[in-house]
Amino acid sequence: LQKLYKLSQPSNSKNYIPFDGLTTSGSISRGVTIGNNQNSVLNSELDLQITGKLNDKVSLRASIQDANIPLQESGYSQRLDEFDQVFIELFSNNWNVRAGDIDLQNNNSYFAQFSKRVQGLFVNVNLGEEKKQTNLFAAGALVRGQFNTSQFTAQEGNQGPYKLTGPNGELFVLVVSGSETVYVNGIPLQRGENEDYVIDYNAGEIRFNATYPITSEMRINVEYQFSERRYTRVLAYAGGSFRESNNLKIAAHVYSESDIKNQPLQQNLTAEQVAILEAAGDNTAEMVAPSAVPDTFDTNKILYRQIIVNGVEVFEFSTDPDESLFQVRFTNVGVNQGDYVLNTTNTLQRTFEYVAPVNGVPQGSFAPEVQLFSPTLLQLGVVNGSYTPSEKTSINFEAAGSKNDTNTFSTQDDDDNNGYALHLDVNQHLIKKDSTKLLKAFVNWDYIQEDFVNVEGLYNVEFNRDWNLENSLANANGLLLGTQNYSTIGLDYTDVQNGALTYTFQNLHFDGYY
């Protein structure tokens with residue numbers, strides 16, 4: 001037939017398109033503010049979300065929200081979104097990596113439960129099969145907030161605002177949005193304009209709604225995180241867990257939160273001030289330094305000269321350019337604790353005047369000194385697990401050790417830095433009939449050494465009141481300041497049709513108190 005046949009490959013080739021299949025949404029806005037008594041201002045905002053698959057196994061999720069005037073979300077709504085949120089996350093069936101704003105949480109520990117809003121990197125990997133599975137994770141970040149509790153008694157008919165105070169009695173704290181939990185008489189409340197309370201995060205104030213009347217017999221406890229930027233604070237968190245079927249689970253993790261002492265933010269430490277911190281140990285009363293700094297004359301500055309009064313060198317306000325002048329900061333140290341008072345005769349400038357002591361008792365409330373803040377370190381290691389030898393028996397255990405150094409500049413007073421704690425929980429089903437009737441015996445035991453420190457609160461907010469203990473016996477994290485031996489023994493009978501009955505016997509041994 002004289003036919004010619006030719007074999008050839010198809011000429012059309014599949015071209016790879018990067019980031020094909022990703023879905024993006026968002027907005028970019030630009031605005032100009034102009035007024036007759038202000039300069040023109042350019043406002044800029046960006047809101048971008050990206051979701052989709054990079055390939056068959058790897059997916060991408062990202063969110064970028066930025067504004068040139070970052071403000072925290074108001075506390076009027078019940079659900080808050082992060083402000084200025086930036087993160088990108090890659091994930092598959094067995095691993096995920098997230099960088100940017102992260103919510104670190106640990107709910108699988110008895111002594112080391114915490115919730116932190118940080119900025120950094122988090123990696124999580126799952127290995128093994130379903131019956132024998134290993135989980136590994138690690139995170140490193142900069143800390144945004146520090147945990148604190150604030151307790152006060154309400155005033156009759158006063159709906160607020162009630163001021164939150166810092167750990168050292170600071171009147172102005174910047175609360176991390178969405179980090180607070182408000183308890184009234186031990187019961188948690190709901191945030192929202194149509195709920196129980198609203199909160200101003202920038203001012204650190206709580207106001208209760210009219211639908212939740214306040215009386216003088218209400219005990220208010222607030223757990224929250226506040227922005228504290230005295231030093232650059234870093235956090236490292238890593239660990240893993242192993243599970244064999246449903247009978248045995250073992251986990252371990254380490255937690256470290258520390259200030260970088262060579263990177264102070266709100267104070268510039270001199271060599272003399274560092275020497276004061278090194279000699280102070282853990283005593284905050286000795287962490288004070290003279291505030292006088294030599295300065296040149298300027299009509300817009302409040303300067304002082306140094307004179308001798310009754311053999312004592314004191315500072316006096318001066319406007320003489322020919323004298324040796326100093327710039328001095330005065331700190332309110334309490335009534336009859338200082339030698340200076342606020343001079344009210346000069347209405348244009350806020351100056352201080354020396355007042356001589358009377359019979360050795362200071363007559364003022366201010367002193368020419370500044371309070372120094374030491375860098376801190378908190379490390380926590382935990383090993384816990386659960387074992388179920390049979391359907392009727394379950395055992396949970398946990399051992400934890402902590403290192404708490406309140407002044408990393410100094411090696412003094414370090415003998416109380418280390419502490420440890422133990423926890424044991426045993427449950428035994430005595431009678432179990434058709435899932436309708438159940439009689440269970442249980443034993444809980446806690447041993448907390450005096451110097452052990454955890455990340456956040458351990459017991460309920462009404463624990464001290466339940467045991468008739470003073471609130472001053474607890475530290476900022478809610479742990480009692482002393483060795484604790486706390487046990488609970490009881491029986492729990494449950495009848496689906498007729499209700500439940502629980503009998504418990506609790507014993508607390510706390511440095512001689514029962």
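A pocket is an open set of grid points with protein on both sides within 12 Å along at least five of seven lines, and its lining residues have an atom within 4 Å of a point. In this predicted model, the second largest pocket has a volume of about 700 Å³. Its lining comprises 34 residues, and Asn-106, Asn-108, Ser-241, Ala-251 and Asn-384 lie nearest the centre. Two or more lining residues come from each of strand 5 (95–106), strand 6 (114–128), strand 7 (132–143), strand 15 (231–244), strand 16 (248–264), strand 27 (377–390) and strand 28. By residue class, the lining of this pocket consists of 19 polar, 11 nonpolar and four charged residues.

The largest nonpolar core contains 30 residues, with Leu-104, Ile-448 and Phe-452 making the most contacts inside it. At least two residues of this core are supplied by each of several strands, including strand 5, strand 27 and strand 32 (499–510). Strand 7 contributes the most, namely four residues. Beyond four places in sequence, Ile-448 touches residues that include Phe-111, Tyr-420, Leu-458 and Leu-479. A second, separate core has 21 residues, among them Val-175, Ile-206, Ile-214 and Ile-220.

Asn-417 lies in the loop between strand 28 (393–405) and strand 29 (418–433). This residue counts as buried because its relative accessibility is 4%, and the cut-off for burial is under 20%. The side chain of Asn-417 forms a polar contact of 3.2 Å with the side chain of Asp-414. When residues up to four places away in sequence are not counted, Asn-417 touches Asp-282, Ser-402, Lys-403, Asn-404, Asp-405 and Asp-451.

Technical notes. Residues are numbered from 1 along each chain as its sequence is written. This is a predicted model: local features need pLDDT of at least 70, side-chain atom pairs count only at pLDDT 80 or more; totals for chains, interfaces and linings use all residues. Side-chain values use heavy atoms; hydrogens and water are left out. Buried means under 20% relative accessible area, exposed over 50%, partly exposed in between (1.4 Å probe, protein chains only). A polar contact is a pair of N or O atoms within 3.5 Å; within protein, one must be able to donate a hydrogen and the other to accept it, and residues adjacent in sequence count only if both atoms are side-chain atoms. Contact means heavy atoms within 4.5 Å. On a 1 Å grid over the protein atoms alone, a cavity is a set of points where a 1.4 Å probe fits but cannot get out, and a pocket is an open set with protein on both sides within 12 Å along at least five of seven lines; lining residues have an atom within 4 Å of a point. Grid points are joined across faces, edges and corners, and a volume is the space filled by probe spheres set on the points. Ala, Val, Leu, Ile, Met, Phe, Trp, Tyr, Cys and Pro count as nonpolar, Asp, Glu, Lys and Arg as charged, and the others, Gly among them, as polar. A nonpolar core is a set of buried Ala, Val, Leu, Ile, Met, Phe, Trp, Tyr and Cys residues joined through side-chain atoms within 4.5 Å.
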